[in-house]
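Thanks for coming. I have one structure to go through today, so let me put it on the screen.

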Amino acid sequence: MSLPAPFDRMRLPVIGSPLFIVSGPELVIAQCKAGIVGSFPSLNARPQSLLDEWLHQITEELAKHNRDNPDRPAAPFAVNQIVHKSNDRVEADMKTCEKWQVPMVITSLGAREEIFQAVKNWGGITMHDVINNRFAHKAIEKGATGLIPVAAGAGGHAGALSPFALMQEIREWFDGLIALSGSIAHGRSILAARALSADFAYIGSAFIATEEANADQGYKQGIVDGNMDGIVYTNLFTGVHGNYLRSSIEKAGLDPDNLPTSDPSKMNFGSGGNTKAKAWKDIWGSGQGVGAVKNVGTVADIVDRLESEYTEARAALAKATG
């Protein structure tokens, strides 16, 4: 579908996914200035009052960029709300997002009608994470603007379904906004997502290996050194299945090939998980597409690379189909 303003002015059809701990104002601002949607989880702003400061900073810096660069405006930004019952900040964070009229709110781990309506009331759009068609139906029925199908191979919390199957079944009944997630770290993959009828490619792991990311240097290097064989899918650390760097699991003294199954009812998103090794802090999330990441650079470097690869892929496809 045609993208609504201000999302129609983006350089590439890409949303930088919200990365727990890793995404902060510096990363988001760099992504938006580079021409893609930058996002962060509201829970990254601690204490809660810091969220207001972050949104002020992001809003002001992007407005200044747009005044100084009218021919190259920044892309909009997004805030991720974890709406699981374990998050007691949702209401306060939503009030702060309303104050700053956040253009896009990404919701995860639960679909709540009142949140979708609140964002609609201030003129924003909502994109909801789903791992299957059933959850997609529920989100749209409750009022979400669009969907983020999290397919097999996505970093962090992820589903296990093929993007081909997931997109096919969702597009049979839904013609609204979709951002496809799952192993996307190359311009060819962005084009493939568009070919599957997604409006955006949803990219996370590649942006961990950037100078602007709030990530441990070992984490950044782990992304650079990683490949699809070094990714482990487990629910041990938070109660929800996700993909993690094998090297970080080994470093924590655990055997990646013999991890127990966790009790989903004891989910603890954020600071603890179900082992002494803490998810996101000690156990590092990563998608299967990290083989495309060859070095730590700036966000601008990565977006330049993605744009070049995307352009080359489009040209190659046009030549092949003649």
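Is Cys97 buried or exposed? With a relative accessibility of 0%, Cys97 counts as buried. Before I go on, please keep in mind that this is a predicted model.

Let me stay with the cysteines for a moment. How many disulfides does the count come to? The count is 0 disulfides. A disulfide is a covalent bond between the sulfur atoms of two cysteines. For Cys32, the closest cysteine sulfur belongs to Cys97, and at 14 Å that is too far for a bond. The cut-off here is 2.5 Å between the sulfur atoms. Taken from the other end, Cys97 is in no disulfide either, with the sulfur of Cys32 as its nearest cysteine sulfur, 14 Å away. Cys32 is also classed as buried, because its relative accessibility is 0%.

Cys97 brings me to the helices. Which residues of H2 and H3 meet? From H2 the residues are Leu51, Asp52 and Leu55, and from H3 they are Asp93, Thr96, Cys97 and Lys99. Sorted by class, this contact of H2 with H3 has 3 nonpolar residues, 1 polar and 3 charged. To place the two helices on the screen, H2 covers residues 50–68 and H3 covers residues 90–99. Their axes lie 10 Å apart, and the packing angle is about 25°. That angle makes H2 roughly parallel to H3, because anything under 35 degrees is counted that way. The crossing of H2 past H3 is right-handed.

How do H7 and H10 come together, and at what angle do they cross? H7 is residues 187–195, H10 is residues 299–321, and their axes come within 7 Å, crossing at roughly 60°. H7 and H10 are therefore oblique to each other. As for handedness, H7 passes H10 in a right-handed crossing. On the H7 side, the residues in contact are Gly187, Arg188, Ile190, Leu191 and Arg194. On the H10 side, they are Leu306, Glu309, Tyr310, Ala313, Arg314 and Leu317. By class, the contact between H7 and H10 has 6 nonpolar residues, 1 polar and 4 charged.

Now the backbone, beginning with the prolines. Pro6 belongs to the segment before strand S1, which is 14–16. There is also a cis peptide bond between Arg46 and Pro47, where omega is about 5°. Pro47 is located in the loop between strand S2, 38–41, and helix H2.

Next, positive phi angles. Gln101 is not a glycine, yet its phi is positive, at about 50°. You can find Gln101 in the loop that runs between H3 and strand S4, 104–108. Gln101 is partly exposed, because its relative accessible area is 42%. Leu109, again a residue other than glycine, has a positive phi near 60°. Its place is the loop between S4 and helix H4, 113–121. Leu109 counts as partly exposed, given a relative accessibility of 28%.

The last stop is a glycine. Where is Gly155? Gly155 lies in the loop between strand S6, 146–149, and strand S7, 156–157. With a relative accessible area of 35%, Gly155 is partly exposed. Which residues is Gly155 in contact with, leaving aside its neighbours within four places in sequence? They are Ser205, Asn243, Ser286 and Gly287. Gly155 and Thr311 are 156 residues apart along the chain, and their C-alpha atoms are separated by 25 Å.

That is what I have; comments are welcome.

Definitions and conventions: Residues numbered from 1 in each chain as written. Predicted model: local features only at pLDDT ≥ 70, side-chain atom pairs only at ≥ 80, totals over all residues. Heavy atoms only, no water. Axes fitted to C-alpha atoms, helices over the stretch in contact; angles between N-to-C directions. Helix = DSSP H or I, 4+ residues; strand = E, 2+ residues; numbered from the N terminus. Parallel < 35°, antiparallel > 145°, perpendicular 65-115°, else oblique. Left-handed = near helix turned anticlockwise from the far one by under 90°. Contact = heavy atoms within 4.5 Å. Nonpolar A, V, L, I, M, F, W, Y, C, P; charged D, E, K, R; others polar. Buried < 20%, exposed > 50% of the residue type's maximum accessible area, 1.4 Å probe, protein only.
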